[in-house]
Amino acid sequence: MGIIIKSDREIAVMRQAGRIVATILGILTKQVRPGMKTKELDIIASRESEKLGAKPSFKGYRGFPGNLCVSVNDEIVHGIPGERVLSEGDIVSLDFGAIFDGFQGDAAVTIGVGEISPEARQLLETTKAALKAGIAAAYSGARLGDISAAIQNCAESKGYSVVREYTGHGIGREMHEEPQIPNFGQPRIGSVLRKGMTLALEPMVNIGDWRTRLGSNRWTVFTADGSLSAHFEHTIVITEAEPEVLTIL
Ligand code: MG
């Protein structure tokens with residue numbers, strides 16, 4: 001299949017999908033509070049998607065039961081919203097994708113529930129900075145490895161590790177298109193980035209070791225050592241100048 005270059009018209013639709021994802025993540029972020037069940041976030045994601053004429057893309061994807069992924073503390077990604085109650089001091093990753101007019105947007109944020117520890121706050125800040133570094137490396141003519149290395153260097157410079165088994169990805173009509181975008185690697189290798197490529201960059205950063213463990217529900221991915229993990233993601237498009245972030249308002 002290869003990497004699909006999008007036309008300006010297709011990118012315009014992806015911009016709309018991206019804004020919808022950003023809008024809903026913004027609403028969800030404001031709702032997070034101690035004492036709430038994670039399934040309340042799932043209900044909000046479903047309701048707000050319907051209002052905006054979009055469809056949550058994770059629901060039913062390979063049988064995933066939720067409208068979004070809610071991953072708490074040592075859960076890295078793919079947490080299923082449910083009866084779990086959020087507590088003061090938790091960190092919670094909200095990963096949401098939506099399809100609008102045939103095109104996908106995908107983004108994630110990790111936020112604190114009430115007051116969080118300085119250690120947790122630094123993890124969040126660094127993971128966000130790693131995503132920013134990856135975006136800054138994603139210009140036309142650079143290579144995929146430049147993105148991977150930028151993300152890895154940012155996370156590891158603070159003593160953290162990057163998850164290896166799960167990666168960023170191309171995105172468009174499908175949620176997962178080519179290429180895979182690892183959050184670790186060497187600069188100046190891999191595919192050359194071209195105008196019109198649409199990519200979801202998504203560093204997953206652990207305080208401890210990079211290794212993971214799959215939970216008994218066969219979805220939720222945990223850090224193997226039980227350390228905290230954070231996840232930030234944006235959908236971007238490669239341009240002739242700086243990359244454009246699509247999943248923002
Ligand atoms: Mg993604």
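Visitor: Where is His 78 in this structure?
Guide: In this predicted model, His 78 sits in the loop between strand S3 (75–77) and strand S4 (91–100). Its phi is positive, about 65°, although His 78 is not a glycine.

Visitor: Why is His 78 called partly exposed?
Guide: Its relative accessible area is 25%. Buried means under 20%, and exposed means over 50%. The value for His 78 falls in between, so the residue is partly exposed.

Visitor: What makes Asp 101 exposed?
Guide: Asp 101 has a relative accessible area of 57%. The cut-off for exposed is over 50%, so Asp 101 counts as exposed. The residue lies in the loop between S4 and strand S5 (103–112). Its phi is also positive, near 50°, and Asp 101 is not a glycine.

Visitor: Which residues are the protein donors of the magnesium ion, and what makes them donors?
Guide: They are Asp 106 (OD), His 169 (NE2), Glu 202 (OE) and Glu 233 (OE). These atoms lie 2.1 to 2.4 Å from the ion. A donor must be an N, O or S atom within 2.8 Å of the metal, so these atoms qualify. Along the chain, the donors follow the spacing D-x62-H-x32-E-x30-E.

Visitor: Why does the pair His 169 and Glu 233 tie parts of the chain together?
Guide: His 169 lies in strand S7 (residues 168–170), and Glu 233 in the loop between strand S13 (229–231) and strand S14 (234–237). The pair therefore links parts that are 64 residues apart in sequence. Both His 169 and Glu 233 are buried.

Visitor: How do you know that the bond from Glu 178 to Pro 179 is cis?
Guide: Its omega is near 0°. Pro 179 belongs to strand S8 (residues 177–181).

Technical notes: Residues are numbered from 1 along each chain as its sequence is written. This is a predicted model: local features need pLDDT of at least 70, side-chain atom pairs count only at pLDDT 80 or more; totals for chains, interfaces and linings use all residues. Side-chain values use heavy atoms; hydrogens and water are left out. Helices (H or I, at least four residues) and strands (E, at least two) are DSSP runs, numbered from the N terminus. Buried means under 20% relative accessible area, exposed over 50%, partly exposed in between (1.4 Å probe, protein chains only). Donors are N, O and S atoms within 2.8 Å of the metal (3.2 Å for Na, K and Ca); water is not among the atoms, so sites may look incomplete.
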